[in-house]
Amino acid sequence: MSVFTSRPAMRWLVPAASAAVLVGGGVAVGALAASADPVLPPRSAEQLLVDLQTAEVDGMSGTVVHRAELGLPAALNLAGQIGAGNGLGSLINGTQTLRVWYAGPDQARLAMVRTLGETDVIRNGRDVWIWSSQQQQATHFELPAEGDHADAAGERAGTDPTPELPITPQAAADEVLEAIDPSTEVSVGRSAELAGRTAYELVLTPRDEDSLVEEIRIAIDSVEYVPLRFAVYPVGADRAAIETAFTQVSFDTPDEEQFVFNPPPGTEVIEAGEDGIAVPGDGSRGPDQLPGDAETDGMLEELARGWADSEDAVRTVGSGWGTVLVVTPPAEAATAAEEHAGESAEGAQVMQMLGDLPAVDGPWGSGRLFSSALFTALIADDGRLFAGAVTPERLYEVATETR
């Protein structure tokens, strides 16, 4: 099995960000640091790229530490507001740890263990489980048989439904390698030793001046040629803003029992709909909806209906490191969002946070600007959203061009 050409398989090593929670209460950030540089046979950047794309493993398991320091504005305590119930907030700002097991394209498991409970994502053949010990809920859905794509819903169900936050080094590197183009300089960095393994280092440097990324460093196992660490450095920083690394790794195939899930006594078992996607209000939840987050189903249903009818609601402008995501909600969806914004405590908090963002204006109109070390978003007053790992000036440029 090719680690990088079989993306659905490797995405199973990603929590539903991608990314990772503190195991046993805490893992020192220093655990991500490598020891003294080992001496390895020289390999060029081109050779390492080939190594990454042709690496094959039959199985692996390990512990991954994820750290994010994005420099979020103090007024936006997003780490506490987003994913408070499932630990995903620390993927945005904080340090978390997860355990992963992989035994092939259809057998994988990810465990996120927190102080108050554990969340597991498990795939065993066509069966997929999302288990929350804190909520005492287990969501189960069955993937369709290969080639079963009778309709659009079936096509959606036929894709890998697992969350795609790039939290393991493999998944993060996979995403970046697919995006390499002439706008990226590729070079070899220093060798390293981490998780008891020696590794080469591949360095990706954007040539686009609009990018907020200074460079990306990928530590590659010197024997198996799979990533052991993935680090993203913002422009002008000497410390990674995002770092994901194995602190322990084994390339032995995990035992079969790691992928067998039996709901514990007292667990509420939720069966997903036939298309694998929840229909708000019918009591089912899909793979994109972790247990316990159904409070805003009414608003989401109206938003989904409005967006489904719009072909250009979400698109990208530009290419490479300067790519900007442009979201133009249909009038009905924007109206529904505004009407329901204050119906929940979470919605009210989001509205307050948006109001605390700096006000900006220009030829494109007016709105609010969110900025961090690696990410910028422009929320225009007319409902449009522009976002990317780019400078504010790049967002203003796109906002003006697409007005």
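So, W129, W131 and F261: ring pairs link these three into a cluster. Keep in mind that what we're looking at is a predicted model.

The structure has 4 aromatic pairs in total, and one of them is W129 with F261, a tilted pair with 5.0 Å centre to centre and 50 degrees between the planes. Where do those two residues come from? W129 is in strand 5, residues 127-132, while F261 is in the loop between strand 12 and strand 13, so you've got distant parts of the chain, 132 residues apart, linked by this pair. And W129 is buried, at a relative accessible area of 14%; F261 is buried too, at 13%.

There's another tilted pair to look at. The ring centres of F370 and F375 are 6.1 Å apart, with the planes at 55 degrees. Here F370 counts as buried, at 10% relative accessibility, whereas F375 counts as partly exposed, at 34%.

One more ring before we move on: W101. The charged end of R109 sits over the ring of W101, 5.4 Å from its centre.

Okay, salt bridges. Side chains of opposite charge can pair when their charged atoms come close. How many salt bridges do we get here? The count comes to 13.

The one I'd like you to find is E243 with R67, where the side chains meet at 2.6 Å, N to O. E243 is in strand 12, residues 242-250, and R67 is in strand 1, residues 60-68, so this is a link between distant parts of the chain, 176 residues apart.

Now R239 and E69. Their side chains also meet in a salt bridge, at 2.9 Å, N to O. R239 lies in the loop between strand 11 and strand 12, and E69 in the loop between strand 1 and helix 3, so the pair ties together parts 170 residues apart in sequence. R239 is partly exposed, at 41%, and E69 counts as partly exposed, at 36%.

Last stop, R217 and E215. Their side chains meet in a salt bridge at 2.7 Å, N to O. R217 is partly exposed, with a relative accessible area of 23%, while E215 counts as buried, at 17%.

Conventions. Residues are numbered from 1 along each chain as its sequence is written. This is a predicted model: local features need pLDDT of at least 70, side-chain atom pairs count only at pLDDT 80 or more; totals for chains, interfaces and linings use all residues. Side-chain values use heavy atoms; hydrogens and water are left out. A salt bridge is a side-chain nitrogen of Lys or Arg within 4 Å of a carboxyl oxygen of Asp or Glu. Helices (H or I, at least four residues) and strands (E, at least two) are DSSP runs, numbered from the N terminus. Buried means under 20% relative accessible area, exposed over 50%, partly exposed in between (1.4 Å probe, protein chains only). Rings of Phe, Tyr and Trp (its six-membered ring) pair if their centres lie within 6.5 Å; planes under 30 degrees apart count as stacked, over 60 as edge-to-face and the rest as tilted. A charge sits over a ring if NZ of Lys or CZ of Arg is within 6 Å of the ring centre and within 35 degrees of the ring normal.
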